[in-house]
Amino acid sequence: MSLSRDDIARIVKHFILSSPPGEIQDVLADVRAIVGDDSLLDEHAPEVFRTYNIEQLVAVAVPGSDKKCVVSKFGELEDGRYLDPRSKQIFSMNHMKQVASGASPSDADTPAEELRSAVQAAMDKYLQDYYDDGTVTVYDKSEGGEPMLVGHAS
């Protein structure tokens, strides 16, 4: 019994999405050796990596910022770029390489920026005091006048 191209793609997606943190490139290399069909991987890998990076809350260095930003659905913009609320920049993301690039200033004001910034500072201090390494990003997702902050640590 042989598997269809769609079945192989589904299995590949499962393996990649199940990668342990920090091991996605190794898993991709193993899957590439097993499957032996680079065109299949090239077709599906970009979207699978995007999903992985968002679900795993991958932290990336944003050009022009001294702190990393956690890639999250709360920071994803409609055009596929991401907001770093701490540095107030919008950046592009190469999900395959897990690298941010093309950062530019964001002029978006958020309703609860003062509160967001205070929570960001408190969470940064907590991470600094209790963890050797880590990143936290606090997003303002306020709606209808009600403040709503979302914090992600990685």
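The following legends describe close-up views of a predicted model.

View 1. With a relative accessibility of 18%, histidine 44 is classed as buried, because buried denotes a relative accessible area under 20%. Its side chain forms a polar contact of 3.5 Å with the side chain of glutamate 43. When residues up to four places away in sequence are not counted, histidine 44 touches Ala9 and Lys13.

**View 2. The aromatic pair of tyrosine 82 and phenylalanine 91.** Three aromatic pairs are present in the structure. In one of them, tyrosine 82 and phenylalanine 91 are stacked, with 5.9 Å from centre to centre and 25° between the planes. This pair counts as stacked because planes under 30 degrees apart are assigned to that class. Tyrosine 82 is buried, at a relative accessible area of 1%. Phenylalanine 91 is likewise buried, at 0% relative accessibility.

**View 3. The aromatic pair of tyrosine 126 and tyrosine 131.** The rings of tyrosine 126 and tyrosine 131 form a tilted pair, with centres 6.2 Å apart and an angle of 55° between the planes. Tyrosine 126 is partly exposed, its relative accessible area being 45%. Tyrosine 131 is also partly exposed, with a value of 47%.

**View 4. The aromatic cluster containing Tyr130.** Tyr126, Tyr130 and Tyr131 together make up one aromatic cluster.

Terms used
Residues numbered from 1 in each chain as written. Predicted model: local features only at pLDDT ≥ 70, side-chain atom pairs only at ≥ 80, totals over all residues. Heavy atoms only, no water. Buried < 20%, exposed > 50% of the residue type's maximum accessible area, 1.4 Å probe, protein only. Polar contact = N/O pair within 3.5 Å; in protein donor to acceptor, adjacent residues only side chain to side chain. Contact = heavy atoms within 4.5 Å. Phe/Tyr/Trp six-rings, centres within 6.5 Å; stacked < 30°, edge-to-face > 60°.
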